Amino acid sequence: MSGWDRLLPDSGASGELRDLAHHERIYGQLDLRVSRSALLSAIRDSGLTGRGGAGFPSSRKIDAVRAATGSGRGDSIVVANGAEGEPASDKDKVLLTFAPHLVLDGLQIAAKAVDASEAVVYVHEGPIVAMVASLVSVRRRAGVDAVPTRVVSAPAKFISGQESALVSRIEGGLAIPRATPPPIYQRGINRRPTLVNNVETLAHMALVARFGADWFRSLGTDAEPGTMLFSVSGAVQRPGVVEAPIGVGLATLLQACIVTEPIQAVLVGGYHGTWISVTGDDRALCDASLQSVGGRVGAGVVIALSDATCGLVEVARIAGYLANQSAGQCGPCTNGLPAIAAALSRLAAGPVDASLLLQLDLLNRLVDGRGACRHPDGTVRMVRSALSVFAGEVHQHLAGVCTATYHEALTPIVPSAHKSFVGASS
Amino acid sequence: MSSASSGSALWFLSRGTGIVSLLLLTAVMALGLLTRGGRAIPGLPASAVTLLHRNASLLSLAFLGVHISTAIIDPYVSINVVDAFVPFVSAYQPFWLGLGALALDLGVALVVTSLVRVRLGLRAWRAVHWTAYAMWPLILVHGFTMGPDIRSGWLLGLSVISIAAVSLAATWRWSTLSASPR
Amino acid sequence: MTTLRVDWIACDGRGLCAELAPEVIHVDPWGYPVIASDSVPSRVLPHVRRAVAACPTLALRLVEPDRPSERR
């Protein structure tokens, strides 16, 4: 036991934690009698940040909702966001499958923190909906929860998990983004102040409430404490979800998933993330370390690209997928992403005139920051980092040469179905 | 004697401004249809069309003001302020005059909602603006039936030209609308 | 600092704004506005106001310095 397995202990690897009694044996009972101020200071002192990708401090999010609730806009509402759109991220689904009660405990804690009167678990359509719903009713019968919880599902699309899309869906509309201001922590679901947390964030919150801030901070870095669920895929033998302290070395993490070939680069943070080249040194996976290369840990997605694979082919595929995932609401995204994807496909196929790079640069600038949600921005970030990390390969491709020896598709384009997690201790 | 001549001057003024209003509103209607096409007319900036649409409608309101007030003041026919705004209650030509009153009400609603469009929001504004399609035919019929000599002279020609202009603009609008989904 | 904000979902790319305030609003190849500068110079403010008022879909908004928008 390395002590990393807070959310996904080996003892839960075959799903026993779905049983409420077993969950309570492992983690202890949820105690909602704790005073709100004690709870708030524990969350603040823990330094817990959002695990959905943005990495925003959880206590500040709670404060914002509390401030908005004070101004007479009605009771607040809390949402567990388990509808990650990242095809390369499985951690929301894995967490909900293997440790659902931890998420539901955290949802109650969050509800208590902002004095909410209603809680929602927001997940993708699929068997997980019925599973979570049945656990919610088990908890209701057992009298565990203080606030009623319901389950809302959305199509398994990339943008369904975006916050304004989530609000729209829970209100009964389509799971597509809206024009944002005012922020949803002031006016969200049915105009009520809304606290949206990623399911993993809530699971951590449930543990902070039980074991305290100091315990939580005993892993991770000082600036980014705690563990994180990393979804590792690509050129590894055992792709899956690994729980590890934030700041874990990239090589250590990859090794946990068994690497057998040289890795040239990794995509960190998901399809909206950043490509970073893998050099000799073991880069720490935390924002502080990734900042220097323009990256962020985000929701913990790590996709490894072997030396034998062509980065440009993968980037073109991912860009094509992202272009397809546009909700088609905003002109620059609707027109720009397909144009970017097409240009990248031409580059991947090669040979092409070097003016294509100028064209790509122009397209990137025409799309960046020009949408109602961050989908265009995130796509451009990923593409730009690829063009810089794979700069050498770009020049080969212009001349019609691809150095890759392996041409099979690597990156998952639909959310993969594997329901396993890789125990970090193994 | 003097009252009779001022009376006929008022009558001519009312009739003249009425005709100008009709022509202006025809232009407003046609321009409005052109802006809704969503596609630029070659050589004519979309903003110019919109601006012209707006200014012509405000100008037509001014002419309507003169048209209506002179009709009320004119002693030859008994029309009062209420008749101008409440349709179908006047003693004189209640139905045909009523069509004009109805069009006036719609016109006022169109102008007022357009002036506060930003505050009103697009949906409500658009809902009201749809009534413009009803307003223009009302004006046409009102002018045709209230102008006693219309059938015999150049007024008939003007009416025909108006209908042609609006039909042309409408055709253009619907054709571009089918070309693009919005 | 007065800034221009586009509601991208509402914007249809009709291009009226760029005609009325070409100093700060350009159009991209698809007809959608490109806001050329972060702040609107006071000299062109009248033009920009006209552009905001003329937008057929009310997608353009002027954010005044005294009323900062809450979030990007």
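User: Why is the pairing of C:Asp28 with A:Arg370 called a salt bridge?
Analyst: In this predicted model, the closest N and O atoms of C:Asp28 and A:Arg370 are 3.0 Å apart. The term requires a side-chain nitrogen of Lys or Arg within 4 Å of a carboxyl oxygen of Asp or Glu, so the pair qualifies. The count between chain C and chain A is 1 salt bridge. The side of chain C that touches chain A comprises 7 nonpolar, no polar and 6 charged residues.

User: What makes up the interface between chain C and chain A, and how much area is buried there?
Analyst: On the side of chain C, 13 residues are in contact with 22 residues of chain A. About 1,500 Å² is buried between the two chains, and carbon and sulfur atoms give 60% of that area. There are also 3 residue pairs in polar contact, both residues being at pLDDT 80 or more.

User: How do you know that chain A and chain B do not touch?
Analyst: The nearest C-alpha atoms of chain A and chain B are 12 Å apart, and contact requires heavy atoms within 4.5 Å; the two chains are found not to touch. Of the 2 pairs of chains in contact, chains A and C share the most contacts.

User: Why is helix 12 of chain A described as mostly covered?
Analyst: Of the 14 residues in helix 12 of chain A, 10 are buried, which means that each of these has under 20% relative accessible area. Among them are A:Leu312, A:Val315 and A:Tyr321. The buried residues of this helix pack against several elements of chain A, including strand 7 (263-268) and helix 13 (331-349).

Note on methods. Residues numbered from 1 in each chain as written. Chains lettered and ligands numbered in written order. Predicted model: local features only at pLDDT ≥ 70, side-chain atom pairs only at ≥ 80, totals over all residues. Heavy atoms only, no water. Buried area = accessible area lost by both parts, 1.4 Å probe. Polar contact = N/O pair within 3.5 Å; in protein donor to acceptor, adjacent residues only side chain to side chain. Nonpolar A, V, L, I, M, F, W, Y, C, P; charged D, E, K, R; others polar. Buried < 20%, exposed > 50% of the residue type's maximum accessible area, 1.4 Å probe, protein only. Helix = DSSP H or I, 4+ residues; strand = E, 2+ residues; numbered from the N terminus.
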